[in-house]
Amino acid sequence: MPSIFGSVPILAVVAIQLLLIPSVVSSLNITNEYIHHACNNTQGKYKPGSVFEKNLNIALKNISAFNLHKGFALDSNMDRPYKNIPPDTAFVMLQCRGDSYGSKCHSCLATALSGLRKKCPRNKAGTIWYDQCTLDISTYSAGDTRILYDNYFCKENPKDLSGDTNMFIKKKNDFTEKLLSEVKKLGKNGKGPLYATGETMIGTKKLYGMMQCTDELYENGCYVCLDWIISEHPLCGRGKQGVRYLCRSCNARFELYPFLRT
């Protein structure tokens, strides 16, 4: 890989976590499309060879050494617990989708690093979302269980629904609540992946759903994050064939086509 965020070549690797409610999907054409990015300009920019750049490269090197059996990575140039954080401390947080592991996850991370570098050049903080992963860089840590409420948004499927829209909305809402109830069971005692998927029939059509949180939101944090971000966009996706809800800490997606690997 070329240099990322500085002069030191970084080979970043992220692992993946997987928990699937059984789904039957045979052949998928899954891509890793760019979704959105947010450059945080309040934390400023760093200069080549600066202390922050060196600290950022340390964090990326640490992540590159993580094994491939976990789907979430949060690291910095300082050890936990994160107390009395000094200036120029760099934090890197990334999460690959629960069905994008191994080489797929590595490929997405490389794409995200390159994309964030181009879209937010030398920003000390920024987030970029792709279909298969999310990458976040900042000068501070959110703590182990705090939900990152900034930079949240909703993205609609551009295709319109056909048929009984009101019936579809009701069934989708019921399905959402069902998946949220599954999320409540995840991450107890800080264990287990915070990832759930499912599917349901709406008339003659099948609706696929996915919910995921960063590993920091164990216990009830994942449910709180997802319930909040979906509630913040009550009209988003209305009359459309699909919708995504995304922030730095959690995301959810619903589509009328299979977008998940089994």
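Colleague: Which are the buried residues of α1?

Modeller: In this predicted model, helix α1 covers residues 51–64 and reaches 20 Å from its first C-alpha to its last, close to the 20 Å expected at 1.5 Å a residue. The elements that cover its buried residues include β2 (72–76), β3 (91–96), α2 (103–119) and β5. The buried residues themselves are F52, E53, N55, L56, N57, A59, L60 and I63.

Colleague: Which residue in β5 is the bridge partner of T127?

Modeller: Strand β4, residues 126–130, pairs with β5 in the antiparallel sense, and the pairing runs over four bridges. For T127, the bridge partner in β5 is D136.

Colleague: How many residues apart in sequence are the parts that the pair of Y152 and W228 ties together?

Modeller: A search of the whole structure finds seven aromatic pairs, and one of them joins Y152 and W228, 4.8 Å centre to centre with 70° between the planes, which is edge-to-face. Y152 counts as partly exposed at 35% relative accessibility, whereas W228 is buried at 17%. Because Y152 lies in the loop between β5 (133–138) and β6 (153–156) while W228 belongs to helix α4 (residues 221–231), the pair ties together parts whose separation in sequence is 76 residues.

Colleague: Why is the pair of Y257 and F259 edge-to-face?

Modeller: Y257 counts as partly exposed at 36% relative accessibility, and F259 counts as buried at 4%. Planes over 60 degrees apart count as edge-to-face. The ring centres of Y257 and F259 are 6.4 Å apart, and the pair is edge-to-face because the angle between their planes is 70°.

Colleague: Which residue has its charged end over the ring of F259?

Modeller: Elsewhere, K184 lies over the face of Y223, at 4.4 Å from the ring centre. In the case of F259, the charged end sits 4.3 Å from the centre of the ring and belongs to R253.

Conventions
Residues are numbered from 1 along each chain as its sequence is written. This is a predicted model: local features need pLDDT of at least 70, side-chain atom pairs count only at pLDDT 80 or more; totals for chains, interfaces and linings use all residues. Side-chain values use heavy atoms; hydrogens and water are left out. Rings of Phe, Tyr and Trp (its six-membered ring) pair if their centres lie within 6.5 Å; planes under 30 degrees apart count as stacked, over 60 as edge-to-face and the rest as tilted. Helices (H or I, at least four residues) and strands (E, at least two) are DSSP runs, numbered from the N terminus. Buried means under 20% relative accessible area, exposed over 50%, partly exposed in between (1.4 Å probe, protein chains only). A charge sits over a ring if NZ of Lys or CZ of Arg is within 6 Å of the ring centre and within 35 degrees of the ring normal. The expected span of a helix is 1.5 Å times one less than its number of residues. Contact means heavy atoms within 4.5 Å. Two strands pair if DSSP finds at least two bridges between them.
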